[in-house]
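The tour moves from one selection to the next.

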Amino acid sequence: MKIRRLLSVPIFSVLSLIGFVYYITVFIFIEDWIGLFTSPGLISSLIFTYLASLCLFSLAVCVLTDAGPVPSSYLPDVEENAGSDHDAKISALQVRHCEKCSTYKPPRTHHCRVCRKCVLRMDHHCLWINNCVGYWNYKSFFVLVSYGTLASLYSTFIIMRCAFQKNWNFEGMLPVNIFYVICAVMMISLSSTLGTLLGWHIYLIVRNMTTIEYYEGIRAAWLARKSGQSYQHPFDVGAYKNTTLILGPNILKWAWPTSASHLKDGLSFPTLRDSS
């Protein structure tokens, strides 16, 4: 079942884009700029090959890792959250019950209409990895976006350096010049898109939010202001601790997509109330 996720048009499109960018960067622009078989050319091509390989590996981890299936044996701890009031207990159970899956939902869990199942700490369903982004593969998704941004920026740098030293004589060279312009525009656009996505998820990690929780928080903050109160995201326990909860306590392992030994069961999370 997991391997079948790779057999989709979006995954094929992503792989084709990676292959195309790799080819033009290494075999066209590095060759045209400093020569592929010179010492600087070999170093540049090895750096880009390393980044592209990490992108492919992180992509595979994202696609093949279950985002966060809810254990069939899960039952909510109503006593802790609803006290001794019977009506409050019933209300809590109703809120946390998924009618589509006919199961109870742990905190921060949402139902994905595409995957047709509930996902622990669901962020969003990503078309380009043909999978949900949730508790177990959020780190690998973030690492994938990080490596993709670095690789795109590096490719853009090489293309621009190559373009600056190029003789832009339009007589008889129009197709080549158009190709340079198209590649430069494509890589600048790709770098901007991935860079924006990376910045967004850095913000979410520092705040210990998911994309879904961010938009839920906007409504919650509006309702709080309407009633003269203030709203604070309950799972925001400080920037550094938030980051280590996602990427792990060892900074040296932050860049490795499969380093997830710090993750627990995804059924409970520290809150502001716990740290106060």
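Helices here are DSSP runs of H or I with at least four residues, numbered from the N terminus. This is a predicted model.

Start by selecting Ile3, which sits in the segment before α1 (9–33). Ile3 counts as exposed because its relative accessibility is 55%, and the cut-off for exposed is over 50%.

Next, go to helix α5 (residues 138–164) and pick Ser140. Is Ser140 buried or exposed? Its relative accessible area is 1%, so Ser140 is buried, the limit being under 20%. Show the side chain of Ser140, which reaches the backbone oxygen of Asn137 at 2.9 Å. Leaving aside residues up to four places away in sequence, Ser140 touches Ser58, Val61, Cys62 and Pro257.

From Ser140, jump to Leu247: the two are 107 residues apart along the chain, yet their C-alpha atoms are separated by 9.2 Å. Leu247 is one of the buried residues of helix α8 (residues 239–247), along with Asn242, Thr243, Thr244 and Ile246. Just after α8, select Gly248, which takes a positive phi of about 105°.

The last stop is Ser191 in helix α6 (residues 174–207). Ser191 counts as buried because its relative accessibility is 8%. The side chain of Ser191 reaches the backbone oxygen of Met187 at 2.8 Å. Which residues does Ser191 touch, not counting those up to four places away in sequence? They are Ser152, Leu153 and Thr156.

Terms used: Residues are numbered from 1 along each chain as its sequence is written. This is a predicted model: local features need pLDDT of at least 70, side-chain atom pairs count only at pLDDT 80 or more; totals for chains, interfaces and linings use all residues. Side-chain values use heavy atoms; hydrogens and water are left out. Helices (H or I, at least four residues) and strands (E, at least two) are DSSP runs, numbered from the N terminus. Buried means under 20% relative accessible area, exposed over 50%, partly exposed in between (1.4 Å probe, protein chains only). A polar contact is a pair of N or O atoms within 3.5 Å; within protein, one must be able to donate a hydrogen and the other to accept it, and residues adjacent in sequence count only if both atoms are side-chain atoms. Contact means heavy atoms within 4.5 Å.
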